[in-house]
Amino acid sequence: MLKNFFKTYSISVLALVVLLSPAVLVFANHTKGTYPSVGHLWMSGGTGYSGLIFTTSNNCNSSELNAYPRVKNSTTGTSEMSRWTNGIDMRRYTCTGTWDNSTDIYLQYLSHPSSPGENHDTVNSSAYCAFWGVSYPCGVRSTDHIDTTWWNGQGTLSRERLIMHETGHAFGLADHCTSDAIMNNGLSTCNGGKWIAIMQYMPTDRTGINNVYP
Amino acid sequence: MTKIILQNKINLIAIGLALATALYISFAVVTPAVADSELKRELTTNCANLSFSQSTERNTLLDPDNGIVLVQWSDNGNRRDTRIPYEPQSGFQGCSQEAKALLSHVREVYEKQVADSCTDFKDIISGAKPLPEKNGKKANIQGAVNFVNQYCK
């Protein structure tokens, strides 16, 4: 009966799946949405799925430089991110804390009592997309806020972990609490409050990134 | 017999295509027109009611051209999402105090990004800085000119 139904209505079912798949992806767990409304890995599709990311910071420090290879090592050569064979390649571009138009992420250290870190994305304008020769929309650029009071009270690993988590948001990921992930937010209500126990991108993080980009 | 089977298949394809077209029209054409005022109402209501139950990471995604901010946060381990209007010219009137504080924060982020970008684009246009290249892709100066005309005083 069911077999006959699918046989008869396969085209209609296929049409429905095709039409609804973008809507389903938008609400897929672990992502904020889909490119080109979110993310920028860089710039997805338009430059051949390059994972090159330039950062600026108003407090360049060793934790940033330690976090970047951790991200690269745990995203390189993985089956979940086969489009980014060289992984996510984060590079310190400037220490000026100012946006130039090659910068993708600004790590801004400031007094920020509501939480240790937050991610604020801005959708790129059509003129910015044209500047890079890609059509609008073309993703976002992200500011990651890091609370200086929290930062000063933490050890090296915890700081690196925060950089990895906040920049994960900039790539298009949302908090994830149902399994071990760099996107666990450290709250006791999120996967048992694991934080420095997870210092690398996990399969669920990589799958999330793969789902963000077309 | 073969002709009848073929005709049935053609009918099924036609039905499938008609259904797909109808769905597409309802999603992509009719819905946005009807939803415009509903969206505005939804955003206004969300902004008036926005409150965070605990000290938590509040992530945002600003779409300045469409005047919308997507807010995401974690509420006792559960992911929460809402959309609120971005109307800095009104001082975020009608929004809760928590929403106003968050929107002011978002505004600062956005205005800094625009101001810094303007400085950089102006330097590129004047020749003070070279046209950048990234991942083997050379930037296009016309985009810089358009940005300055549209966003920079």
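Me: Which residue forms a salt bridge with Glu160(A), and how far apart are the closest N and O atoms?

Reply: The partner of Glu160(A) is Arg70(A), with 2.7 Å between the closest N and O atoms. The term salt bridge stands for a side-chain nitrogen of Lys or Arg within 4 Å of a carboxyl oxygen of Asp or Glu. This pair links distant parts of the chain: Glu160(A) sits in helix α5 (residues 156–170) of chain A and Arg70(A) in helix α2 (residues 62–73) of chain A, 90 residues apart. Helices are DSSP runs of H or I with at least four residues, strands are runs of E with at least two, and both are numbered from the N terminus.

Me: Before we go on, what kind of model is this?

Reply: It is a predicted model, where local features need pLDDT of at least 70, side-chain atom pairs count only at pLDDT 80 or more, and totals for chains, interfaces and linings use all residues. Residues are numbered from 1 along each chain as its sequence is written, chains are lettered from A and ligands numbered from 1 in the order in which they are written, and side-chain values use heavy atoms, without hydrogens and water.

Me: Is Glu160(A) buried or exposed?

Reply: Buried means under 20% relative accessible area, exposed over 50%, and partly exposed in between, with a 1.4 Å probe and protein chains only. Glu160(A) has 3%, so it is buried.

Me: Which residue forms a salt bridge with Asp89(A)?

Reply: That one is Arg91(A), the closest N and O atoms being 2.8 Å apart. Asp89(A) is buried at 18% relative accessibility, while Arg91(A), at 41%, is partly exposed.

Me: Now chain B, please. Where do Lys112(B) and Asp116(B) lie?

Reply: Both are in helix α2 (residues 97–126) of chain B, four residues apart, which is about one turn of the helix. Lys112(B) is partly exposed at 24% relative accessible area, and Asp116(B) is buried at 13%.

Me: How many salt bridges are there over all chains?

Reply: The count comes to 14.

Me: What does the secondary structure of chain B come to?

Reply: Chain B has three helices and five strands, and along the sequence they follow the pattern α-β-β-β-α-β-β-α. Of its 153 residues, 37% count as buried. A contact means heavy atoms within 4.5 Å; among contacts in chain B between residues at least 6 apart in sequence, 41% join residues at least 24 apart.
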